[in-house]
Amino acid sequence: MPDYSYTAIDKSGIEVKGSISADSREKVFRKIKGMGMIPIDIAEQSFWNKEIKLNMDRKPSPRELSVFCRQFVSMTRAGVTIIETMRMLADQTENRSLKKAVEEVRASLEKGEGLAASMREHPREFPSLLVSMVAAGEASGSLDTAMERMSIQLEKAAKNQGMIKKAMIYPAVIFFVAVAVIGIMLTVVIPSFSGMFEELGSELPAITQAVVALSDLVKANWMVLLLTVSILVIALKAWAATDSGSYIFAELQFRIPVVKNLVIRSASARMARTLGTLISAGIPLVESVEVVAKTMDNVLIRDVLLEAKEEMMMGVPLSVPLQASDIFPPMVIHMIRVGEEAGTTEEMLTKLADYYDEEVELAVQSLMAAMEPLIIVVLAGVVFILVASVIFPMANLYTTLDKL
């Protein structure tokens, strides 16, 4: 999508310059008009005159979107019009990316476009789940109810996300501290002992020679090693974003028992909560399953739900393809089947979501319980090697001196 530079006059009569990404000049013109400005000049940027922009705007978090939905409900129920509500939300939103999106949505509303259609133009700020709920709310005349349900959904997602991040802080801190200590040992402590032993003419043990060789390698090539590691991390991240990489990482998640347990429980909670929220808003089950599939992080689970949607279009109940996938726990299958047979799918999904929200918390605790001893064992092994590389030659030195 090309970038266009523009010059326009805002509502205050001040000349404004900027750039917009769009498919054509006509779309740029409409976007500028939608922002309440009068375009004067629009020109496509070339390689030589293209502005170098560092996009520091952060994607809104589930917590921020939840607050957005809560405030929207409070204002609209207080009798404030949707256009004025969006204006007020834009003024008090701290996230710059979300603030800009809300302002553009408000401009679209002023031109007569629907709220869901306006939000759909900003997929980075407004996820497909939120847009679908807004569309259902507009169609049924219960937009405030749809936004309220969405706020609850986002609060649950933020809670689970925060729980997992909190669990990863401890091993991350330990890892960086260990790397720092090992780096100091290899570049400062070990070389000082190495020089002392060389002066005394004492023969170093094999373990010390290996650590000294590693120390010399790190000191001589630390920039190359740092650059190599950085390139590998970036390349691995880029590869994980591809189709082949995402499938391999998804399969790896299922090969590690503790991680698999967390992934499946988290996916079950998200699927049940999201599906129940969409059904309660009046969105058809087939369409709801497709929306839920797009919210899944693991591509294997996403494919299962998309295949389930295809089978449901042929009249197959949702519980059948989910059971055939052999991914979701038996309780998920049984509860959905009971809901399908009794006509209480929404109620069963809500109970499932509540149950698996607690299971996610237990899975996180189990993951931490498994990681802590593993981290201790690895660090103990590294510390033993470094200490042994210093202690062994000193013991040999004392033995040599005693013989003298």
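This tour moves through a predicted model, from a sheet to selected residues and aromatic pairs.

**The sheet**

Begin by selecting the strands S1 (residues 3–9), S2 (15–21) and S3 (38–44). The three belong to an open sheet with the order S2-S1-S3, and their pairing is antiparallel. S2 and S3 stand at the edges with a single partner strand each, so one side of each has no neighbour in the sheet. Averaged over the sheet and with direction ignored, neighbouring strands are turned by 25° against each other.

**Helix H2 and Gln71**

Proceed to helix H2 (residues 62–77) and select Gln71 within it. Gln71 has a relative accessibility of 27% and therefore counts as partly exposed. Beyond its neighbours within four places in sequence, Gln71 is in contact with Leu89 and Gln92. Now display the C-alpha atoms of Gln71 and Met147: they are 9.6 Å apart, although 76 residues separate the two along the chain.

**Phe68 and Phe126**

The structure holds 3 aromatic pairs. For one of them, select Phe68 and Phe126, whose ring centres are 5.9 Å apart; their planes lie at 45°, so the pair is tilted. Phe68 belongs to helix H2, whereas Phe126 is in the loop between helix H5 (115–120) and helix H6 (128–140), so the pair ties together parts that are 58 residues apart in sequence. Phe68 is buried at 2% relative accessibility, and Phe126 is buried at 1%.

**The loop at Thr93**

Now select Thr93, in the loop between helix H3 (82–92) and helix H4 (96–110). Is Thr93 buried or exposed? With a relative accessibility of 14%, Thr93 counts as buried. Its side chain reaches the backbone oxygen of Leu89 at 2.4 Å. Setting aside residues up to four places away in sequence, Thr93 touches Leu98 and Lys99.

**Tyr355 and Tyr356**

Finish with Tyr355 and Tyr356. Their ring centres are 4.9 Å apart and their planes stand at 85°, so the pair is edge-to-face. Tyr355 is partly exposed, with 33% relative accessible area, while Tyr356 is buried, with 5%.

Methods:
Residues numbered from 1 in each chain as written. Predicted model: local features only at pLDDT ≥ 70, side-chain atom pairs only at ≥ 80, totals over all residues. Heavy atoms only, no water. Helix = DSSP H or I, 4+ residues; strand = E, 2+ residues; numbered from the N terminus. Buried < 20%, exposed > 50% of the residue type's maximum accessible area, 1.4 Å probe, protein only. Contact = heavy atoms within 4.5 Å. Pairing = 2+ DSSP bridges. Axes fitted to C-alpha atoms, helices over the stretch in contact; angles between N-to-C directions. Polar contact = N/O pair within 3.5 Å; in protein donor to acceptor, adjacent residues only side chain to side chain. Phe/Tyr/Trp six-rings, centres within 6.5 Å; stacked < 30°, edge-to-face > 60°.
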